[in-house]
Amino acid sequence: MYIVSKTRYDSMITSKSFNRMKIPHYIVIEPQEKTQYEEALEKFGLTYAELLVAPFSNHGDGPGRARNWAWDHSIELGATSHWVFDDNIADFYRLHNNQRIRFESGVGFKAMEDLHSIDISRCSLDFEHTIELQIVVDC
């Protein structure tokens, strides 16, 4: 699990959500913000987060370069897959019987990884900064 973050050390929204669910994760940051993010980890008690300092800064290209760097890092670790998230997601939900049920652990992510016939997987962000995970399964 990776979070790509820039200048959001004062909120750490997605990391707080992962921490609540006890999900270990990396936060990809730029070198000039390392001190602020280290202080934020301590301030917010984010014990499940580990900072990864990218080898670039202020390139102006948006998050794509950091997402690709996270992908490379994942490959270096020997992972066969990985997740990359934005840094402004407060909660994750699943839909069941027309009810939104908040994730309370990493089980929802694991369930999606375990599905073998996924044609389309989509996460949609709503105005409340929450994610609903929707999967279309080829039966």
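**Sheet, helices and aromatic cluster in a predicted model**

In this predicted model, helix 2 (residues 34-44) lies across strand 2 and strand 3, and runs at about 180° to strand 3. The sheet to which these strands belong is open and consists of four strands in the order 3-2-1-4, with parallel pairing. Its edges are formed by strand 3 (49-53) and strand 4 (84-85), each of which pairs on one side only. Helix 1 (residues 13-20) also packs on the sheet, where it touches strand 1, strand 2 (25-29), strand 3 and strand 4. The direction of helix 1 makes about 170° with that of strand 2. In general, the strands of a sheet pair through backbone hydrogen bonds, in either a parallel or an antiparallel manner. Here, strand 1 and strand 4 pair in the parallel sense over two bridges, and I3 stands opposite F85 in strand 4.

The surroundings of Y2 were examined next. Y2 is placed in strand 1 (residues 2-4). With a relative accessible area of 3%, Y2 falls under the 20% limit and is therefore buried. Beyond its neighbours within four places in sequence, Y2 is in contact with several residues, including Y26, V28, L52, A70, L77, W83 and F85. H73 is also among these contacts, and the side chains of Y2 and H73 are joined by a polar contact of 2.7 Å. E50 is 48 residues from Y2 along the chain, and the C-alpha atoms of the two residues are separated by 9.5 Å.

Aromatic rings were then considered. The structure holds 12 aromatic pairs. One of them, formed by W83 and F85, is stacked, with 5.8 Å from centre to centre and 10° between the planes. Both members of this pair lie under the 20% limit and therefore count as buried: W83 has a relative accessible area of 16%, and F85 has one of 5%. The rings of F92 and F109 have their centres 5.2 Å apart; because their planes meet at 75°, which is over 60 degrees, this pair is edge-to-face. The pair links distant parts of the chain, as F92 lies in strand 5 (residues 91-96) and F109 in helix 4 (residues 107-114), 17 residues apart. F92 and F109 are both buried. Ring pairs join F18, W83, F85, F92, F103 and F109 into a cluster.

Charged side chains also lie over aromatic rings. The charged end of K16 sits over the ring of F44, 4.0 Å from the ring centre. R100 lies over the face of Y93, at 4.3 Å from the centre of that ring.

Conventions
Residues numbered from 1 in each chain as written. Predicted model: local features only at pLDDT ≥ 70, side-chain atom pairs only at ≥ 80, totals over all residues. Heavy atoms only, no water. Buried < 20%, exposed > 50% of the residue type's maximum accessible area, 1.4 Å probe, protein only. Contact = heavy atoms within 4.5 Å. Polar contact = N/O pair within 3.5 Å; in protein donor to acceptor, adjacent residues only side chain to side chain. Phe/Tyr/Trp six-rings, centres within 6.5 Å; stacked < 30°, edge-to-face > 60°. Lys NZ or Arg CZ within 6 Å of the ring centre and 35° of its normal. Pairing = 2+ DSSP bridges. Axes fitted to C-alpha atoms, helices over the stretch in contact; angles between N-to-C directions.
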